[in-house]
Amino acid sequence: VVGFQTEADRQSFVDFIERGQHGTSSEDGMVHAYNRFLKVAAYPIGIYPDVIAKAAEQFTDRKPVRSLRDGMRGRKLIMSVDRLDYSKGLVERFQAFERLLLSAPGWHGRVSLVQIAPPTRADVQTYQRIRQTLEGEAGRINGRFAQLDWTPIQYLNRKYERNLLMALFRQSQVGYVTPLRDGMNLVAKEYVASQDPADPGVLVLSQFAGAAEQLPGALVVNPFDLSQMAEALERALSMPLAERQARHADMMAPMRENNLSVWRDTFLGDLRNVATASSVTAKAVKLADVTASSS
């Protein structure tokens, strides 16, 4: 069994087998190449959305969450959490936020971006450069736009407890998840699940994240297009409550239907079915060989 996170990736693999390796495929998901049969399917990994929603609500009164809420002083909050990695599009994310501040000066002093980016592979030079670049961009943008009582970007290069992050998500009006490329990106799903359904935030999501296939209520953007991302941020910040609620409901339903248990059971079920079919085929071949030898 060969599994992919998205249907698009599954289809790309099948196209490669058929066009590049002269293989064949059938409607039941079986692929034949190199004298082997493979079961090929999309198995998008899920989460437990109701567990996350409960944790987000329970941790709302924790001190870091209260501090963030009090510090915003009624301003709107764009929340972004990613490990410090070149594939996450963090620099482009900051620059698109800068583009928003340039194109819509009415948001000056009224919105802040909080970026949490725990360090990874700190001993690798490429990652050291990413950190330096990101720190430089945050400082440059803050220096350009900050006011005595307002810092546009709060950049935190440290880890936070997962349940605390869910509560922080719940305080925000926009979830900002724009990787340059990502097989799935569970942060996007966790952001949606953590929201208060009565007053949910809006998800701005990269078209190159696998989660974009499964979250129809997100504002999907090209992470290389700074203007498009800035426009999506402004739309998210200004979105009416009824539309936010409808988009949130449209995303929660499929996440509940395809949660982590469904992902596990579907994959293991296909694995068992393929193993059983292979065993039956092997026994049939062995029996045929024995019969042929006897005759």
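**A note on pockets and helix packing**

1. Among the elements lining the largest pocket, helix α6 gives the most, with four residues. Helices here are DSSP runs of H or I with at least four residues, numbered from the N terminus. Please keep in mind that this is a predicted model, in which local features need pLDDT of at least 70 and side-chain atom pairs count only at pLDDT 80 or more, while totals for chains, interfaces and linings use all residues. Residues are numbered from 1 along each chain as its sequence is written, and side-chain values use heavy atoms, with hydrogens and water left out.

2. The volume of the largest pocket is about 280 Å³. Its lining has 18 residues, and Val81, Asp82, Arg83, Pro118 and Val187 are the closest to the centre. The elements that give two or more residues to this lining are α6 and α7 (186-194). By class, the lining has nine nonpolar, one polar and eight charged residues. Here Ala, Val, Leu, Ile, Met, Phe, Trp, Tyr, Cys and Pro count as nonpolar, Asp, Glu, Lys and Arg as charged, and the others, Gly among them, as polar.

3. A word on the terms: on a 1 Å grid over the protein atoms alone, using a 1.4 Å probe, a pocket is an open set of points with protein on both sides within 12 Å along at least five of seven lines, and lining residues have an atom within 4 Å of a point. A volume is the space filled by probe spheres set on the points, which are joined across faces, edges and corners.

4. The second largest pocket holds about 240 Å³ of space. Of its 16 lining residues, Arg170, Gln171, Ser172, Gln173 and Asp199 are the closest to the centre. Two or more residues come from each of α6 and α8 (226-238), and α8 has the largest share, three residues. This lining has four nonpolar, seven polar and five charged residues.

5. Now to the packing of α6. Helix α2 (residues 49-58) and helix α6 (residues 162-171) pack at about 80°, with axes 7 Å apart. They are therefore roughly perpendicular (65 to 115 degrees). Ile52, Ala53, Ala55, Ala56 and Glu57 of α2 meet Arg162, Asn163, Met166, Ala167 and Arg170 of α6, where contact means heavy atoms within 4.5 Å.

6. Lastly, look at serine 67, in helix α3 (residues 63-72). Serine 67 counts as partly exposed because its relative accessibility is 44%, between the limits of 20% and 50% (1.4 Å probe, protein chains only).

Note on methods. Axes are lines fitted to C-alpha atoms, for helices over the stretch in contact, and angles run from 0 to 180 degrees between N-to-C directions. Angles under 35 degrees count as roughly parallel, over 145 as roughly antiparallel, 65 to 115 as roughly perpendicular and the rest as oblique.
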